[in-house]
Amino acid sequence: MIDEQTEKRRGSFWRELPILLGVAILVAVLVRAFVLQTFYIPSPSMEHTLNVWDRVLVNKLVYDFRDPKRGEIIVFKAPADWQTGAEGEDFIKRVIGTPGDRVVCCDDQNRLMINGHALDEPYIYTDANGRRNEVADEKFDITVPAGRLWVMGDHREESGDSLEHYEQSSATDEAGKMRDATITIDSVVGRAFTIFWPVGRATWLTVPDTYDDIPNASGR
């Protein structure tokens, strides 16, 4: 003899299952839209911090409460002239300069200078023969405009970043060159904070300690 209450519970479960699935899907969509999202790395521009086909988890909420900081790895909507054909293409780079920062290449040890302080960059790409990329392929001296960021890839020789677009800008004035070379803070999708796949490369994407001593820009 089948217990009547057990039969009722079974029937209730199957009636509620579509609702439960709908709620789960809605929660997943909301989390992806507003809190966390996964991205894969399609290019070598951040090697070997991020290798091709690595998958990262991006915090999309953090910059609702503060602006990006130097040294953080961010995902952003690429400016139209940075894109390679995919409308709305996302890029991933490291923040080097924030609004008001003066970024100069280079000191006598070939290091970037930010607000007069030398920056050691342990993450810059080194090939299998031990040859390390130069921090930049030409000298420059820029000040990051308000509301914008100067971003660079860790694999400097393979990165379509702020320096490349500064060098290639067709603008005839510095303001125009900086518009071409920098990204808006509003275009930032979020902060990449961990590699989660492949499992053997899983790690937190922290800001190197070398950024701790960088002084704020004058007046900030």
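Tutor: Let's start with a term: a contact means heavy atoms within 4.5 Å. This is a predicted model, where local features need pLDDT of at least 70, side-chain atom pairs count only at pLDDT 80 or more, and totals for chains, interfaces and linings use all residues. Residues are numbered from 1 along each chain as its sequence is written, and side-chain values use heavy atoms, with hydrogens and water left out.

Student: Which residues does Ser-45 touch, not counting residues up to four places away in sequence?

Tutor: With those left out, Ser-45 touches Ile-92, Lys-93, Gly-153, Asp-154, His-155, Glu-158 and Ser-159.

Student: And where does Ser-45 sit?

Tutor: Strands are DSSP runs (E, at least two residues), numbered from the N terminus. Ser-45 is in the loop between strand S1 (36-40) and strand S2 (55-59), while Lys-93 lies in strand S4 (residues 90-97).

Student: Is Ser-45 buried or exposed?

Tutor: Buried means under 20% relative accessible area, exposed over 50%, and partly exposed in between (1.4 Å probe, protein chains only). Ser-45 has a relative accessible area of 6%, so it is buried. Lys-93 is buried too, with 3%.

Student: What joins the side chains of Lys-93 and Ser-45?

Tutor: A polar contact of 3.1 Å. The term stands for a pair of N or O atoms within 3.5 Å; within protein, one must be able to donate a hydrogen and the other to accept it, and residues adjacent in sequence count only if both atoms are side-chain atoms. The Ser-45 side chain also makes a polar contact with the side chain of Ser-43 (3.3 Å).

Student: Which residues does the UniProt annotation "active site" cover?

Tutor: In the unreviewed UniProt entry, that annotation covers Ser-45 and Lys-93. Such annotations may be inferred rather than shown by experiment; positions are given in the numbering used here, and feature names are shortened. They span 49 residues in sequence, yet no two of their C-alpha atoms are more than 8.0 Å apart, so they gather at one spot.

Student: How do I read a sheet?

Tutor: Look at which strands pair: two strands do so if DSSP finds at least two bridges between them. Here an open sheet of four strands runs in the order S7-S6-S5-S8, with antiparallel pairing. Strand S7 (117-119) and strand S8 (140-143) stand at the edges with a single partner strand each, so one side of each has no neighbour in the sheet.

Student: How many bridges link S5 and S8?

Tutor: Strand S5 (residues 102-105) and S8 pair in the antiparallel sense over four bridges. In S8, Ile-142 is the bridge partner of Val-103.
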